[in-house]
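Here are some notes for a colleague who is meeting this structure for the first time.

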Amino acid sequence: MLLQSRTLLAAPKPTMPLGASKPVAQPRGEKTGARPGRMPAAFGHFSDLVGRRVGFLFILDSREAGAAPVAFRRRSPRRILMVIQERNVLMNRRLARFGVLLALVALAPDKARDPEVGKSYQVPYRLTDTNHFLVRVRINGKGPFNFLVDTGAPALFVATETARKIGLEPAKGEFWTPVERLDFEGGARLTHIKARVEDPFQLVGMNALGLPGVSIDGILGFTVLARFRLELDPTRDRMTWTRLDFEPPDPPAPRREANELPPAEVQAMNMLGPVAKFAAALVGRQPEERLRPRGSLGLELDEADGAVRVVRVLAESPAARGGVRDGDRLTRILDYDVASVKAAREAVANVSPGDRVPITVRRGEEVQELTLTAGEGL
Amino acid sequence: MPMTTNLRHRIVPMTLLAGLAIAGIGTALTPGRAQAESPKAASGKAKADIPFEMLPTNHMVVRARINGKGPFRLVFDVGAPITLLGNKAAVASGVIQANAPRALLFSIRGEAEVTTLEVGDLTVKDLPVIVLDHPILKALGEVLGKPLDGIIGYTLFARYRTTIDYQARRMTFEPVDFAVRNLIRDLPDRLVGPKVAKHRVLAPGALWGLTVGEPEGDLSSPGVPVRSVLPDSPAAAAGVRPGDVLTTVDGRWTTSINDTYAAAATVAPGQSVPVVVLRDGQELTLMIQPVEGF
């Protein structure tokens, strides 16, 4: 979704030539949000102590190693062996020292480096009928809420209704509202993020037309997504998010004096939300999908000699109460002949808790007709 | 092949899609995988590397050659369900003819197909696009003093395993075998489709041996309470106890009973998965290996 908050459009022209690819290095901690147009520091934070110290040691070592072939050429094979041995001792000593140093470096407190950096998370997502990616988010520990993954949005947007529900109050006169903690399904988390509490027309429209069972509570844009290396594979049901050591700047907040109206066509776009609402009223909102859990019997199964075998009846389960025993062969369920576990699974696919489930089992030579009452659980 | 079909019938859905204001009139939310509808093979085999530029407005822009013409500047937008070209670029690249009919609103020209789109190391073949002048794109281009020619959306990137690295300013695309559905084609039918509530049964993929209850605490609830654990079941073997609050199954949140079943639906028998429970204020991660059965 190409999202450009109406107010953000009033931002001043960038101070840096467009297309400039070199990032401007900036010491961490310096706020870039107030200066529109500045590119974020992409590489090499000065406070990245671990990386620098290790890198430094590495350079020293490789320089000495590089001198070795020259020394070899001037000596006899025997001498070379000795030299190699000497070097090995030297090397071992150096390695030991290196190890100690590494350990020291590892122990050295380095508050600047976020322990999350480099961690990968499998983030479950849902693809809507309109080809939008939704992930679930908790805001300040509350939720979960459905958020759109949208590189076309410049920042984090939280719908006003959602913000109200969790008591996320936009500060008076401030454009951004601070969010202490953002947890994503799959384990990724961010702290101290700025959100814009607003209802972009795209959200209004989508929610009016109604995605079954889902309302969209906000949009994850650049300022959230850029903190991760994102991998999107449409053949998998999860995305991979790897935390980067990268703090994207907030997009410029609109100047207070900028009260000029957005271009007429953008105003037209903003009308689309209400239009969609109106269209929804005419077309009728799609009814929500009704979900219900399947009932459970408590049978552990496998296949043996072309039949479905009861490996184990879980104690106190519906199957145990109904008289099924370990080792029984299951031949019929709900009037379906079942010769495989797959067929048995299909036979019970629509069973609800409380349903009566007639089954036929073979126990040795004997055939038994039993009636189970499906229970809750998984 | 340049073409515009059924323009009038499609203006409404296209406008809505273009505003990306629209949404699902359809039915199921597919967990992860989309239904295959119009298969289209991904071109090439290797992983392609694409540099991108960040606009001061935090949008990603790539430079692409379309049908050998260009380069054109396109916004890469994971939130866009379609790929979109402005009229100027579409005519310049021969995607549509200059005299193709256009609608009054946003100069919509309709659907067309790009024969080749080259961006970085990547060549995309036979890509369906919508031709119209997106007002926000135009406004952005004006603010930034450099025009933007279109938007790359789902219909392109869903052909690939896509990685986006904002720090390195690089994307990679690796072809996957995935049929990308054409939204424009089935949307009008969906708009007038039947309004029957769909029922769906959430079936666990294996036998766990536990029951869960309704969560307490509404939006601050961490998960569902475990009501019972069957003796000798996989759940019991893993150490789950009644009274535990189940918060996560295999990396998925279990904030409702339905959530719990939906998470268990993707776990196969014999698969050992982490399950997180809260017990006496402590968070415990237990490994459960559910068995074949129900």
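1. Of the 294 residues of chain B, 49% count as buried, a residue being buried if 20 or more other C-beta atoms, placed from the backbone, lie within 10 Å of its own. This is a predicted model, in which local features need pLDDT of at least 70 and side-chain atom pairs count only at pLDDT 80 or more, while totals for chains, interfaces and linings use all residues. Residues are numbered from 1 along each chain as its sequence is written, and chains are lettered from A in the order in which they are written.

2. Chain B contains seven helices and 18 strands, taken as DSSP runs (H or I of at least four residues for helices, E of at least two for strands) and numbered from the N terminus. Among its contacts (C-beta atoms, placed from the backbone, within 7 Å) between residues at least 6 apart in sequence, 64% join residues at least 24 apart.

3. An open, antiparallel sheet of six strands runs in the order β1(A)-β10(A)-β9(A)-β10(B)-β11(B)-β2(B), where two strands pair if DSSP finds at least two bridges between them. Its edge strands, each pairing on one side only, are β1 (120-124) of chain A and β2 (48-51) of chain B. β1(A) pairs with β10 (residues 238-243) of chain A over five bridges in the antiparallel sense, and Q122(A) has T240(A) in β10(A) as its bridge partner.

4. In helix α7 (residues 257-265) of chain B, seven of the nine residues are buried, including D259(B) and Y261(B). The elements covering these buried residues include β11 (290-293) of chain A, as well as β14 (224-229) and β15 (245-249) of chain B.

Definitions and conventions: A residue is buried if 20 or more other C-beta atoms lie within 10 Å of its own, exposed if 12 or fewer, and partly exposed in between; C-beta atoms are placed from the backbone. Two residues are in contact if their C-beta atoms, placed from the backbone, lie within 7 Å.
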